[in-house]
Amino acid sequence: MPRQFNIRYHWTFDDYVVVSKRQQRLTPGRRFAEATNIALVIFLLIGGVWAAINNSVGWSVYFFGLAAFLLGLRFVIAPWQRRRQFVHQRLGDFEIEFIADENGFTTKSVLAEATHKWEIVRQVDDLVDHVLLWPNSRMSWMVPKRAFASPAEAEAFAELAKEKTVGQTL
């Protein structure tokens, strides 16, 4: 029985958050950078505590200030920038039609139309609410599972994508 899917959806900001957060941890190099950032913040906090215990106010302020700066980048600036990018790129403004079958998939909107073979997809991420198709580490096609008629149909699509891209890696 041929598997064919034809869905329509709009991107939401939550979809964009899922894609961008997943992209931050997609490759081993990015996961290493993420771990290094976390380790640096921890060491700065430990240094700040150590300096405070030793009555070195200047060093304590310095270490805590650097840790606060890095945490501010992560939890204040990054979400603000993500929301700004979503609005600026008008990602939620247009309906997307996504058509997939055994041969590949097509995406259509009022801005563009493109057809791709499954071979272009290097990795498939089957997440709780989304299926992400990665041709490279810089872009993906996001397919929300809410767009399918049923959870079974969403699961069938995810299985098709994984089956067609088996052996592919980023």
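Which helix holds the place of Leu70? Select Leu70 and look. Its place is in helix H3. Keep in mind that this is a predicted model.

**Stop 1: Leu70 and its contacts**

Stay on Leu70. Draw a distance from the C-alpha of Leu70 to the C-alpha of Val41. It comes to 7.0 Å, although 29 residues separate Leu70 and Val41 in sequence.

**Stop 2: the four-stranded sheet**

Select strands E1, E2, E3 and E4. They form an open sheet in the order E1-E2-E3-E4, and the pairing is antiparallel. Strands of a sheet pair through backbone hydrogen bonds, either parallel or antiparallel.

Which strands sit at the edges? They are E1 and E4, and each pairs on one side only. Follow the sheet across: from one strand to the next, the twist averages 15°.

Zoom in on E1 and strand E2, residues 96-100. Five bridges join E1 to E2, and the two run antiparallel. Pick out Phe5: its bridge partner in E2 is Ala100.

Now show H4. This helix lies across E1 and E2 and runs at about 115° to E1.

**Stop 3: an aromatic pair**

The structure holds 14 aromatic pairs. A pair of aromatic rings is described by the distance of the centres and the angle of the planes. For Phe5 and Phe148, the ring centres are 6.1 Å apart and the planes stand at 85°, so the pair is edge-to-face.

**Stop 4: the three-stranded sheet**

Select E5, E6 and E7. These three strands form an open sheet in the order E5-E6-E7, with antiparallel pairing. The edge strands are E5 (123-126) and E7 (139-144); each pairs on one side only. Here the twist averages 15° from one strand to the next.

Next, zoom in on strand E6, residues 130-136. How many bridges join E6 to E7? Five do, and the strands run antiparallel. Find Asn136: opposite Asn136 stands Met139 in E7.

Helix H1 (residues 13-24) touches E5, E6 and E7. The direction of H1 makes about 45° with that of E6. Helix H4 (residues 151-164) also touches E5, E6 and E7. The direction of H4 makes about 155° with that of E5.

**Stop 5: the largest pocket**

The largest pocket has a volume of about 600 Å³. It is lined by 24 residues. Which of them are closest to its centre? Select Trp11, Leu91, Ile96, Ser140 and Trp141.

Colour the model by element. H1, strand E3 (104-108), strand E4 (113-117) and E7 each supply at least two residues of the lining of the largest pocket. Then colour by residue class. This lining has 14 nonpolar, six polar and four charged residues.

**Stop 6: the second largest pocket**

Move on to the second largest pocket, which holds about 270 Å³ of space. Its lining has 13 residues, and the closest to its centre are Gln24, Glu34, Arg74, Ala78 and Arg82. H1, helix H2 (28-53) and helix H3 (57-88) each give two or more residues to this lining.

Which element gives the most to the lining of the second largest pocket? Select H3: this helix gives seven residues. By class, the lining of this pocket has six nonpolar, two polar and five charged residues.

The tour ends on H3, the helix that holds Leu70.

Conventions. Residues are numbered from 1 along each chain as its sequence is written. This is a predicted model: local features need pLDDT of at least 70, side-chain atom pairs count only at pLDDT 80 or more; totals for chains, interfaces and linings use all residues. Side-chain values use heavy atoms; hydrogens and water are left out. Two strands pair if DSSP finds at least two bridges between them. Axes are lines fitted to C-alpha atoms, for helices over the stretch in contact, and angles run from 0 to 180 degrees between N-to-C directions. Contact means heavy atoms within 4.5 Å. On a 1 Å grid over the protein atoms alone, a cavity is a set of points where a 1.4 Å probe fits but cannot get out, and a pocket is an open set with protein on both sides within 12 Å along at least five of seven lines; lining residues have an atom within 4 Å of a point. Grid points are joined across faces, edges and corners, and a volume is the space filled by probe spheres set on the points. Ala, Val, Leu, Ile, Met, Phe, Trp, Tyr, Cys and Pro count as nonpolar, Asp, Glu, Lys and Arg as charged, and the others, Gly among them, as polar. Rings of Phe, Tyr and Trp (its six-membered ring) pair if their centres lie within 6.5 Å; planes under 30 degrees apart count as stacked, over 60 as edge-to-face and the rest as tilted.
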